[in-house]
Amino acid sequence: EILLGCYSGKVYKLDLFGVIKAVYLTPENNEEIYESASPIKFVHMCGEYMHICFCSYLYILKDDVVINTIKIFKDTIKWFNSGFLKKYNKSISIYNKSGQYLGSLKFKNIIKNICFDSGILLVETAKKVFSFKLEGLK
């Protein structure tokens, strides 16, 4: 399958021959702000969950039904096999695939970079590199 997110605020699910299998419409209308429906930043599949990211919200769908909505602003989202991280200037929020909030980490200094693999989270700040083992996440 191919997922195509458009500036119009629509997501098209296509088969490998380009035939449209489903169309997802924008759940909010921000035409006054963007001069069109909410533009889509990206679409991401994580197992059975589809993540559709707009400028201000992340919608999580399972079986073509929205199961979770997460407010985002200037957050950076990093994906991994079991979920995703939202990176802010000095903190990180951790979520599973369905968008359930699992916890957060806060730092004194600005976060420069983050990396997650095999249950190990590496966080680089301006002064140090931290390593965390996150149980139950891979």
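Colleague: What makes the stretch around lysine 86 a strand?

Modeller: Lysine 86 lies in strand S9, residues 83-87. A strand is a DSSP run of E, at least two residues, numbered from the N terminus. The model is predicted: local features need pLDDT of at least 70, side-chain atom pairs count only at pLDDT 80 or more, and totals for chains, interfaces and linings use all residues. Residues are numbered from 1 along each chain as its sequence is written, and side-chain values use heavy atoms, leaving out hydrogens and water.

Colleague: Why is lysine 86 called buried?

Modeller: Its relative accessible area is 4%. Buried means under 20%, exposed over 50%, partly exposed in between, with a 1.4 Å probe and protein chains only. Therefore lysine 86 counts as buried.

Colleague: What makes the pair of lysine 86 and tyrosine 88 a polar contact?

Modeller: Their side chains meet at 3.1 Å. The rule asks for N or O atoms within 3.5 Å, one able to donate a hydrogen and the other to accept it; residues adjacent in sequence count only if both atoms are side-chain atoms. The backbone oxygen of lysine 71 also lies 2.9 Å from a polar atom of the lysine 86 side chain.

Colleague: How do you know that S12 and S13 pair?

Modeller: Pairing needs at least two bridges found by DSSP. S12 and S13 (residues 120-125) have six, in the antiparallel sense. Asparagine 113 has glutamate 124 in S13 as its bridge partner.

Colleague: Why are S12 and S14 at the edges?

Modeller: The open sheet runs S12-S13-S14, with antiparallel pairing. S12 (111-117) and S14 (129-133) each have a single partner strand, so one side of each is left without a neighbour in the sheet.

Note on methods:
Helix = DSSP H or I, 4+ residues; strand = E, 2+ residues; numbered from the N terminus.
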